[in-house]
Amino acid sequence: MPPIIDKEKCIGCGTCVQICPCEVFDVDHQPGTVPVALYPQECWHCNACVLDCPKKAVDLRFPLHYLVTTTDAEALNGRTGG
């Protein structure tokens with residue numbers, strides 16, 4: 001699933017475009033405009049765009065199969081083990 005950009009928070013700085021290792025966003029991004037995810041299927045869900053956005057305008061939705069295969073059942077139940 002592609003990164004989701006909150007158009008109200010985004011200042012169009014292009015940090016997400018520059019930091020994305022998969023070039024998910026339009027590389028011809030114009031400063032001051034909200035970036036567009038042209039290749040959403042290429043997203044690795046690495047969270048780089050989310051972590052580096054200065055306005056916290058980017059969010060990721062993880063696919064269900066990713067959550068199922070990487071989430072610990074104890075974490076889902078709020079247990080810390082022991």
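Author: Buried means under 20% relative accessible area, exposed means over 50%, and partly exposed lies in between (1.4 Å probe, protein chains only). This is a predicted model, in which local features need pLDDT of at least 70 and side-chain atom pairs count only at pLDDT 80 or more, while totals for chains, interfaces and linings use all residues. Residues are numbered from 1 along each chain as its sequence is written, and side-chain values use heavy atoms, with hydrogens and water left out.

Reader: What share of the 82 residues of the protein chain counts as buried?

Author: The cut-off for buried is under 20% relative accessible area. Of the 82 residues in the protein chain, the buried share is 28%.

Reader: In what order do the elements of the protein chain run from the N terminus on?

Author: Helices (H or I, at least four residues) and strands (E, at least two) are DSSP runs, numbered from the N terminus. The protein chain has four helices and two strands. Read from the N terminus, their order is β-α-α-β-α-α.

Reader: How much accessible surface does the protein chain have, and what part belongs to carbon and sulfur atoms?

Author: Accessible areas come from the Shrake-Rupley method with a 1.4 Å probe; for residues, only the protein chains shown count as cover. The total for the protein chain is about 5,900 Å². The part belonging to carbon and sulfur atoms is 53%.

Reader: How many disulfides are there?

Author: A disulfide is a pair of cysteine sulfur atoms within 2.5 Å. C10 is in none: its nearest cysteine sulfur, that of C16, is 6.3 Å away. The count comes to zero disulfides.

Reader: Which residues of the largest nonpolar core touch the most other members?

Author: A nonpolar core is a set of buried Ala, Val, Leu, Ile, Met, Phe, Trp, Tyr and Cys residues joined through side-chain atoms within 4.5 Å. The largest one has 15 residues. α1 and α2 each supply at least two residues of this core. The members touching the most others are I5, C16, V24, F25, C49 and V58.

Reader: Is H45 buried or exposed, and which residues does H45 touch beyond four places in sequence?

Author: H45 sits in the loop between α1 (15-19) and α2 (48-52). H45 has a relative accessible area of 12%, so it is buried. Contact means heavy atoms within 4.5 Å. Leaving out residues up to four places away, H45 touches M1, L60, R61, F62 and P63.

Reader: Where is R61, and how far apart in space are R61 and P3?

Author: R61 belongs to the loop between β2 and α3 (64-70). Apart from neighbours within four places in sequence, R61 contacts M1, I4 and H45. R61 and P3 are 58 residues apart in sequence, and their C-alpha to C-alpha distance is 7.1 Å.

Reader: What separates the C-alpha atoms of K7 and V34?

Author: K7 is in the loop between β1 (4-5) and α1. K7 is exposed, at 63% relative accessible area. K7 and V34 are 27 residues apart along the chain, and their C-alpha atoms are separated by 6.6 Å.

Reader: Which residues does A37 contact beyond its neighbours within four places?

Author: A37 lies in the loop between α1 and α2. Its relative accessibility is 25%, so A37 counts as partly exposed. Beyond four places in sequence, A37 contacts P2, V24 and F25.

Reader: What phi does E23 have?

Author: Most residues other than glycine have a negative phi. E23 is in the loop between α1 and α2, and counts as exposed at 51% relative accessibility. E23 is not a glycine, yet its phi is positive, about 50°.

Reader: And what phi does K56 have?

Author: K56 is in the loop between α2 and β2 (58-59). K56 counts as exposed at 52% relative accessibility. K56 is not a glycine either, and has a positive phi of about 55°.
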